[in-house]
Amino acid sequence: MNLEPSFVVVFLILAAAFALRTALVTGVVARFITDNRRLAARRIFRLPYPDEQLRAELKATVGIVLFDALVATVLFRWQILQLSGSGWAAHLLTFALLFVWFELWFYLTHRLLHTKALYFIHEQHHLAKVTHPLTAMSFSLLERAILQLGVVGFLLALQHLLPLSRAGAALYLGANYLFNVLGHSNTELTPRSMRRGWFGRVWVTPTFHALHHARYGGHYGLFTQVLDRWFGSAFADYERVLDRVEEGAGLARLTERVLDPGDTGRPTGPENRLRDPQSAQ
Ligand SMILES: [Zn+2]
Ligand SMILES: [Zn+2]
């Protein structure tokens with residue numbers, strides 16, 4: 001008797017697991033940022049969500065959960081990924097390599113997806129001018145495939161060269177998902193003390209990414225600001241926006257800028273390229 005689970009059974013189990021994870025994390029974060037008064041005071045954009053945004057994001061999330069389950073089923077069922085590394089060194093190596101590589105992959109593909117020719121692939125994610133935890137999974141299937149290719153392609157290319165581990169990859173993907181939801185919460189969750197020093201200059205805060213959704217033409221990075229700073233795509237008033245949000249006086253308009261007293265009001269850096277790619281098409 002063949003006791004190997006069929007493709008359909010593996011798919012259904014993974015789809016149920018991914019759906020449960022998504023519902024739990026998104027639900028808990030959405031509830032927490034709404035009910036907690038201290039967090040409600042740290043809202044970034046003080047604007048309502050259009051009903052159709054949340055409906056469309058929920059629908060896209062269901063599609064992405066099924067797509068992710070399908071990809072994972074193919075990889076597991078036919079044992080395409082053979083990550084055999086074990087021990088903490090292998091877990092750490094896998095996590096660190098995936099982290100650095102995916103920062104590069106995400107920044108590059110994200111910038112390309114903002115070109116006029118490819119923006120149609122990325123449009124679904126930008127339904128959110130003001131982000132919601134649901135925005136974290138609001139992608140077109142094609143964009144999700146590009147993101148998956150970054151992770152799976154990297155592991156496939158290196159799995160026979162380096163001692164990569166399943167636990168390290170799973171840990172990275174789990175952290176990636178969690179920080180993605182938190183990063184789309186439209187609430188500044190980074191403790192004030194962590195903003196000081198090098199960490200504040202490197203780590204992407206929810207405010208950093210909220211400005212990407214509101215303004216389009218900058219802040220393409222995933223979890224680090226390094227590439228945005230190197231390639232001149234960081235908004236000049238980011239730190240001042242962060243100060244405002246921390247003071248409990250977030251932004252009231254999508255186009256709002258927080259100027260220094262000495263500023264002329266003329267935007268610098270990527271703000272010069274500020275435009276809505278949808279209207280540019
Ligand atoms: Zn974008
Ligand atoms: Zn986003």
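Helices are DSSP runs of H or I of at least four residues, numbered from the N terminus. By that definition, the protein chain of this predicted model has 13 helices and zero strands. From the N terminus on, the elements run α-α-α-α-α-α-α-α-α-α-α-α-α. The radius of gyration is 20 Å, close to the 19 Å that the globule rule gives for 281 residues, so the chain is as compact as a globular protein of that length. Along the principal axes, the C-alpha atoms fill a box of roughly 75 × 40 × 40 Å. Buried residues make up 31% of the 281. Contacts between residues at least 6 apart in sequence were also examined. Of these, 73% join residues at least 24 apart.

Helix α10 spans residues 206–215. A residue counts as buried if 20 or more other C-beta atoms lie within 10 Å of its own. In α10, 10 of the 10 residues are buried, so the helix is largely enclosed by the rest of the structure. The buried residues are P206, T207, F208, H209, A210, L211, H212, H213, A214 and R215. Their cover includes α7 (166–183) and α12 (238–246). Just after α10, Y216 takes a positive phi of about 70°.

Two packed helices are described by the angle between their axes and the distance between the axes. For α10 and α12, the angle is about 115° and the axes are 10 Å apart. Angles of 65 to 115 degrees count as roughly perpendicular, and α10 is therefore roughly perpendicular to α12. The crossing of α10 and α12 is right-handed. On the α10 side, the contact involves T207, F208 and L211. These meet Y238, V241, L242 and V245 in α12. By class, the contact of α10 with α12 has six nonpolar residues, one polar residue and no charged residues.

Helix α7 also packs with α1 (residues 7–35), at an angle of about 30° and with the axes 10 Å apart. Angles under 35 degrees count as roughly parallel, and α1 is therefore roughly parallel to α7. The crossing of α1 past α7 is right-handed. From α1, the contact takes V25, T26 and V29. From α7, the contact takes L178, V181 and L182. The residues of the contact of α1 with α7 divide into five nonpolar, one polar and no charged. An α-helix has 3.6 residues a turn, so residues three or four places apart point the same way.

Helix α7 also holds A175. With 14 other C-beta atoms within 10 Å, A175 is partly exposed. A175 and F99 are 76 residues apart in sequence. In space, the C-alpha atoms of A175 and F99 are 9.9 Å apart.

Residue E57 lies in helix α3 (residues 51–77). E57 is buried, because 25 other C-beta atoms lie within 10 Å. Leaving aside neighbours within four places in sequence, the contacts of E57 are L127, A128, H132, L134, T135 and S138. F139 is 82 residues from E57 along the chain. The C-alpha atoms of E57 and F139 are separated by 8.2 Å.

Technical notes: Residues are numbered from 1 along each chain as its sequence is written. Chains are lettered from A and ligands numbered from 1 in the order in which they are written. This is a predicted model: local features need pLDDT of at least 70, side-chain atom pairs count only at pLDDT 80 or more; totals for chains, interfaces and linings use all residues. A residue is buried if 20 or more other C-beta atoms lie within 10 Å of its own, exposed if 12 or fewer, and partly exposed in between; C-beta atoms are placed from the backbone. Helices (H or I, at least four residues) and strands (E, at least two) are DSSP runs, numbered from the N terminus. Two residues are in contact if their C-beta atoms, placed from the backbone, lie within 7 Å. Axes are lines fitted to C-alpha atoms, for helices over the stretch in contact, and angles run from 0 to 180 degrees between N-to-C directions. Angles under 35 degrees count as roughly parallel, over 145 as roughly antiparallel, 65 to 115 as roughly perpendicular and the rest as oblique. A crossing is left-handed if the near helix is turned anticlockwise from the far one by less than a right angle, and right-handed if clockwise. Ala, Val, Leu, Ile, Met, Phe, Trp, Tyr, Cys and Pro count as nonpolar, Asp, Glu, Lys and Arg as charged, and the others, Gly among them, as polar. The radius of gyration is taken over C-alpha atoms; the globule rule is 2.2 Å times the number of residues to the power 0.38.
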